[in-house]
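Work through the exercises below with the structure open. Try each task before reading its solution.

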Amino acid sequence: MQTRDSSAHALPHSDHGTPLRATVIWVVLIAATIVTWSVGESGASGPAIVGLLFAIAFGKGAMIILDYMALRRAPLMWPLLALGWMTLVCALIGIAYWKGLAA
Amino acid sequence: MNPPAIPAAASDGPARRLPGDLAIWFFILAELLAFGAFFLAYAFSRANNVELFNEQQLALDRNSGALNTILLLTSSYLVVRAVQAAEAGQSRRAANWIAGGFACGAGFVVVKLFEYVAKFAAGVSLSSSTFHMFYLVLTFFHFMHVILGLVILAALWNGARKGRYGPGSMNGIETGAAYWHMVDLVWLILFPLVYVMR
């Protein structure tokens with residue numbers, strides 16, 4: 001199946017990780033999606049639930065950014081910009097949600 | 001077995017490198033800012049109309065939203081496998097992985113079209129409510145990005161079949177893959193925001 005592990009050091013670079021790592025991440029991403037979907041189906045609401053939803057979204061986004069987009073090994077500015085975007089958007093959505101509760 | 005969250009030692013390899021074309025990363029940043037602005041416009045507009053948004057959100061098809069999340073994530077995974085295959089010098093195999101990624105992306109388009117048809121049949125339009133205006137504009141803006149992504153994947157598939165990508169020529173496939181992952185990334189916020197948050 002996988003023949004490249006032993007030859008990994010012969011490659012010019014391996015910024016894209018291993019197939020096993022990509023597959024484990026995919027399984028985690030799908031499991032996280034099922035959690036989000038079941039929250040939606042249950043109709044659950046409230047600050048704790050919304051916090052959970054966006055914590056999950058942030059974790060999924062971080063995996064996409066660092067591993068699938070291969071920014072883990074990019075110059076630091078790039079993963080920081082992408083993760084900073086995720087943090088800012090999730091935080092401001094949280095503030096907007098809280099504002100809606102108070103209204 | 002190590003959990004995936006532990007980062008690989010950065011010192012154990014070549015210097016830090018931005019995959020693909022520098023230009024695509026500036027484009028991706030601009031796209032992220034545009035989507036971010038849309039998301040926040042939705043979130044703050046919702047704050048002023050919580051009851052309306054909660055009520056109309058209930059009528060959305062969360063099953064198709066979740067199915068589409070799974071299709072995009074799987075597509076992204078298959079494209080990662082394609083990049084890894086190209087990196088290992090297996091261009092033909094990379095083409096097959098890309099074809100799988102394209103099929104999942106096309107599946108997203110089909111599911112979304114069914115969702116739109118059902119919504120239009122129910123009388124939903126841009127002017128039917130603030131919620132529906134946002135729902136249509138946000139999801140359609142994303143939908144257009146999926147279409148462009150599919151065009152890019154088709155070009156990558158063609159290139160991989162012709163053996164254009166390999167250990168020394170990763171730029172094209174990395175550039176296209178980065179765009180496709182961005183399309184996935186923004187959907188990961190759009191789905192809980194529009195379909196689930198209440």
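The exercises that follow use a predicted model.

**Exercise 1. The fold of chain A**

Task: Find how many helices and strands chain A has, and state what share of its residues is buried.

Solution: 
- Step 1. Count the elements. Chain A has three helices and zero strands.
- Step 2. Read along the sequence. The pattern is α-α-α.
- Step 3. Take the burial. Of the 103 residues in chain A, 46% are buried.
- Step 4. Check the contacts. Among those in chain A between residues at least 6 apart in sequence, 56% join residues at least 24 apart.

**Exercise 2. Helix 3 of chain A**

Task: Compare the reach of helix 3 of chain A with the expected span, then say what its buried residues pack against.

Solution: 
- Step 1. Helix 3 covers residues 77-102 of chain A, 26 residues in total.
- Step 2. From first C-alpha to last, helix 3 reaches 37 Å, close to the 38 Å expected at 1.5 Å a residue.
- Step 3. List the buried positions. They include A:Trp78, A:Ala82, A:Trp85, A:Val89, A:Ile93 and A:Tyr97.
- Step 4. Recall the geometry. An α-helix has 3.6 residues a turn, so residues three or four places apart point the same way.
- Step 5. Find the partners. The buried residues of helix 3 pack against helix 2 (47-68) of chain A. Helix 1 (22-48), helix 2 (50-57) and helix 6 (171-196) of chain B are partners too.

**Exercise 3. The interface**

Task: Work out how much area chain A and chain B bury between them and how many salt bridges cross the interface.

Solution: 
- Step 1. The contact takes 59 residues from chain A and 60 from chain B.
- Step 2. The two chains bury about 5,400 Å² between them, with 72% of it on carbon and sulfur atoms.
- Step 3. Two salt bridges are found across the interface.
- Step 4. Look at B:Arg62. This residue forms a salt bridge with A:Glu41, and the closest N and O atoms are 3.1 Å apart.

How values were computed:
Residues are numbered from 1 along each chain as its sequence is written. Chains are lettered from A and ligands numbered from 1 in the order in which they are written. This is a predicted model: local features need pLDDT of at least 70, side-chain atom pairs count only at pLDDT 80 or more; totals for chains, interfaces and linings use all residues. Side-chain values use heavy atoms; hydrogens and water are left out. Helices (H or I, at least four residues) and strands (E, at least two) are DSSP runs, numbered from the N terminus. The expected span of a helix is 1.5 Å times one less than its number of residues. Buried means under 20% relative accessible area, exposed over 50%, partly exposed in between (1.4 Å probe, protein chains only). Contact means heavy atoms within 4.5 Å. Buried area is the accessible area (1.4 Å probe) that two parts lose on being put together, summed over both. A salt bridge is a side-chain nitrogen of Lys or Arg within 4 Å of a carboxyl oxygen of Asp or Glu.
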